[in-house]
Amino acid sequence: MRARRAAVRAASALVATFALTAGLSGFAGPATAASGTAPSPAATATGPVTHEENDRVPEGSVWTQHYFPSADDSGTELHADVLLPDSLPKGKKVPVILSIGPYFAHSGQTGPEGFTHAGPSARFQDFIEGADLFDNGYAFVMVDLRGFGGSTGCLDWGGPGEQADVKAAVAWAAKQPWSTGAVGMYGKSYDAVTGLIGNNLDQRALKAVVAQEPVWDMYQYIYSNGVPRPNVTGTAGAYNSIATMEPMADDDPHYQANARYEDTHPECLTENSAGYRIADQRDEHWTSRDLAKLAKGSDTPLFVTQGFIENNTKPEEMEEYLDNHHGVERGWLGQWDHVRGGDRVGDGRLAMGREGWYAETLSFYDQYLKGTKPSVRYPAYAVEDSTGAWRAQRTWPVVERSVGLPLGGGSYVDDGGASARAALTASGTPAPKRAQPSGTWDMENAPATEQAQPEGLAEAQLKSLRAGDTTSSFFVWSRPVKRDVRVTGTPRISLKAKGEGNIMLKLYDVAPDGSAVMFDEQVSLVESGRLSVDLKSTDWTLTAGHVLAVEIGSIQTGSWRDTPSGEIIQVSGARLELALDDPADDIATQGDRSPFLDTYLSQYTVRLPAGPPSFSVVPGGRL
């Protein structure tokens, strides 16, 4: 950050003249948690506060608080923390970077953080400092979604209520006397979801959206084609807990009253939990939250990041969302977990592996909020594939050939992997019990990786299959690829089933030595008849001599709360649809191997010697 400018008091006075007349009229009481310390005032609309007055206010800014109604005529009142440049001249207006979400409460993001006095959230302090936001002439506004922080109303996880909140916040930010009327949105995880919502709403004032690691369809975070994920109850509980966090002792009375809204409206928590129990993807509860489908025809300039192998907000329906979005796109896509563009791991390496997040993001906002021509030509998409190599391309995915590959059929027992584990135990290696991930599970917190497959499980199962047993799954192998080929986009498997239960579909990259990496998977409820399942979006290169293996069977991991039927499921006419790209055409761009890639490889590599091949990944041998 730059050196502090003088005259912050004059700037505070200017902000006071800009403040809404509907705001509170005085300062709240001082913090009381730390005895012997000087009072640290909490801002109001007419009482701006600087960093010198309250150390929770970012340097270079002045803080005010405001309240305004949501856009759905529900009576919901939204709270905003506004940070303006401390040196803003009288009459000067600035564009607004807006973040909307559940994590901006004064007491903490996902739980109390031990603060001694009220102040604006530091959730995106990295972005404020990394982009030198105030010195570069931007306001930063944080709005609490309904039910969180200083906002009233019942939380509505990505639903029509929250969509109304986003609409109101964008309109409010655009109309303020210190605003140029140009608004950009910024966020990661949940507040990236609100950015996607903002794009879908197609408001003229919204000029650009930066969304890191979002959920593209809210249903997919809780269910997979009818099968509940482990967080089906945990996510509801996590957000109910965040919504009921106590305000700070020195928060102003208005904020405190709003923050305790659930005390007098306990039905909010019950209703929120009830929504997660709806398993039918076709229910209106979920169709109103299908952000990918609702993006059709949208055109707000959009900058996204997505880890293909992350275990929290997964790349499900990402391609559909991007296909439905018709505006300018920018993206960083690669092999990382639930991280931000500027995050670093413990040894100092960038978590995404690519330099320049803050500079590129600021350039994106400058172009679309200020009309400033970029001084650097950035690629539309910078993509890291499974080899750790980065390339630049004009869009994602780039598809040189689409193929439909016959997989044939087979049978499996929907036993949750019991027979596979029995085969492992019979081979002399006791199989551990199947377990599910545990701990806090909101969109900001989830297990980084899932339970490792027991060593030797796949190989022991193969021996049972070759002995003619029907076990928890069966495998189909390709012929070795003759040259490097990339599987990109969203693989799809269609098949005909006889029987009812669950089905898990997995893709493996099998090396000549028999080591195999599971790089894509999906599950579904299954009943007799035709079934088509989209897997996660991916960007995985099969190197020359490697084999693509497909596993079809019962759900054997702890990544879902499935109920095995015990039935034998017969599969026929299975077909794998792939989008292929030729790595030989890549245009390299700067970037290092993301550190999480090696963590993933160590977690998901198994012994799976290739069996007799039945299909070619590249029919005819040419892309």
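Colleague: Which strands does helix H15 lie across?

Modeller: This is a predicted model. In it, helix H15, residues 457–466, lies across strand S15 (473–478), strand S21 (547–553) and S24. The helix runs at about 95° to S15.

Colleague: What is the strand order of the sheet that holds S24?

Modeller: The order is S24-S18-S17-S21-S15-S25. These six strands form an open sheet, and their pairing is mixed.

Colleague: Which strands stand at the edges there?

Modeller: Strand S24 (605–607) and strand S25 (613–615) stand at the edges. Each has a single partner strand, so one side of each is left without a neighbour in the sheet. On average, and with direction ignored, neighbouring strands of this sheet are turned by 40° against each other.

Colleague: How many bridges join S18 to S24?

Modeller: Three bridges join strand S18, residues 515–526, to S24, and the two strands run antiparallel. As an example of a bridge, Val517 has Thr605 in S24 as its partner. In general, strands of a sheet pair through backbone hydrogen bonds, either parallel or antiparallel.

Colleague: Which strands does helix H16 lie across?

Modeller: Helix H16, residues 596–604, lies across S18 and S24. Its direction is at about 75° to S18.

Colleague: Do take one pair from it. In what sense do S7 and S10 pair, parallel or antiparallel?

Modeller: Strand S7 (residues 206–212) and strand S10 (residues 302–307) pair in the parallel sense, over four bridges. Within this pair, Gln212 stands opposite Thr305 in S10.

Colleague: At what angle do H3 and H4 pack?

Modeller: The angle is about 75°, with the axes 9 Å apart. H3 and H4 are therefore roughly perpendicular to each other. The contact is made by Glu162, Gln163, Val166 and Lys167 of H3 and by Tyr190, Thr194, Ile197, Gly198 and Leu201 of H4. By class, these residues are four nonpolar, three polar and two charged.

Colleague: How far apart are the axes of H6 and H9?

Modeller: The axes of helix H6 (residues 234–243) and helix H9 (residues 267–276) are 9 Å apart, and the packing angle is about 155°. H6 and H9 are therefore roughly antiparallel to each other. H6 passes H9 in a right-handed crossing. Thr235, Ala236, Tyr239 and Asn240 of H6 meet Leu269, Asn272, Ser273 and Tyr276 of H9 in the contact. The residues of this contact divide into four nonpolar, four polar and no charged.

Colleague: Last topic: which residue does a disulfide join to Cys154?

Modeller: The disulfide joins Cys154 to Cys268, with an S to S distance of 1.9 Å. The torsion about the S-S bond is about -60°, so the disulfide is left-handed.

Colleague: Where do Cys154 and Cys268 lie?

Modeller: Cys154 lies in the loop between strand S5 (139–144) and helix H3 (160–175), and Cys268 lies in helix H9, so the pair ties together parts that are 114 residues apart in sequence.

Notes. Residues are numbered from 1 along each chain as its sequence is written. This is a predicted model: local features need pLDDT of at least 70, side-chain atom pairs count only at pLDDT 80 or more; totals for chains, interfaces and linings use all residues. Side-chain values use heavy atoms; hydrogens and water are left out. Axes are lines fitted to C-alpha atoms, for helices over the stretch in contact, and angles run from 0 to 180 degrees between N-to-C directions. Angles under 35 degrees count as roughly parallel, over 145 as roughly antiparallel, 65 to 115 as roughly perpendicular and the rest as oblique. A crossing is left-handed if the near helix is turned anticlockwise from the far one by less than a right angle, and right-handed if clockwise. Contact means heavy atoms within 4.5 Å. Ala, Val, Leu, Ile, Met, Phe, Trp, Tyr, Cys and Pro count as nonpolar, Asp, Glu, Lys and Arg as charged, and the others, Gly among them, as polar. Two strands pair if DSSP finds at least two bridges between them. A disulfide is a pair of cysteine sulfur atoms within 2.5 Å.
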